[in-house]
Amino acid sequence: MDNSGAAARGRTLGRVHWESLFDGLEGQLAAEWEAERAARDAESERLRIARLDLRSRLRHLCAAQAEAILHLADGARVPVGLRSLGVDWVAALPRVPQGARLQSAVLLVPVAAVRGLTVDHGAMLASLAAQSPGAPTLRERMTLGFVLRDLARRRLPVQLRLLVGDDLHGTIDRAAVDHLDLAEHDSGAARRADAVHGFRMVPYAALAAVRVLGTASI
């Protein structure tokens, strides 16, 4: 009986078993590392989303020009296409029913007056994406007062949707830090002395939305 041959076969089988054991351990360790990494990534993502604010998501939605229904603080639900975001406002184009006459208008909505948005589920998930680094654009640095002062300079007619009370029509004469002066006149009329039938000071906190008529581009 050749004991040397049996010993060689034993060493070979032992080596195969030993390598198989370590291959299995390496595979198990790699799987554990991958599971640990996935858990860390998931926890990191949960923490990132926990710190996400509404303005960050509005920035994504405006950049994508997403369609939405704005739920405003006065109870209105307004179908819009989101367009621009400022410091404390969002600009949108109102959507009209198919076949209806389209009137040129821009809707300025204070972010504080937004009570919710109904959006496509894909757009909602896309708005969770991490922001790319970079300074805010000049438009994103504009306050509502800054934009309203430009409307006053251009004498564009507006419709003010108030949180309480009837809508106001007129032209903004001036805009201060927290309120505006409105020369009230009929919708569609120009701001002429004989057309103005009253003047009103309106705090920004009283606004649900400002509908800018004419050729405003924001």
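**Salt bridges**

Mentor: Asp 150 and Arg 153 sit three residues apart in helix 4 (residues 144-154), so about one helical turn separates them. Helices here are DSSP runs of H or I with at least four residues, strands are runs of E with at least two, and both are numbered from the N terminus. The side chains of Asp 150 and Arg 153 form a salt bridge, at 2.5 Å from N to O. The term means a side-chain nitrogen of Lys or Arg within 4 Å of a carboxyl oxygen of Asp or Glu. Asp 150 is partly exposed at 22% relative accessibility. Arg 153 is exposed at 61%. Buried means under 20% relative accessible area, exposed over 50%, and partly exposed in between (1.4 Å probe, protein chains only). A salt-bridge network links Asp 150, Arg 153 and Arg 154.

This is a predicted model: local features need pLDDT of at least 70, side-chain atom pairs count only at pLDDT 80 or more, and totals for chains, interfaces and linings use all residues. Residues are numbered from 1 along each chain as its sequence is written, and side-chain values use heavy atoms, leaving out hydrogens and water.

Next, Glu 67 and Arg 95. Their closest N and O atoms are 3.9 Å apart, in a salt bridge. This pair links distant parts of the chain, 28 residues apart. Glu 67 lies in strand 1 (residues 67-72), Arg 95 in the loop between strand 3 (89-94) and strand 4 (105-110). Glu 67 is exposed at 53%, and Arg 95 is partly exposed at 35%.

The count comes to nine salt bridges.
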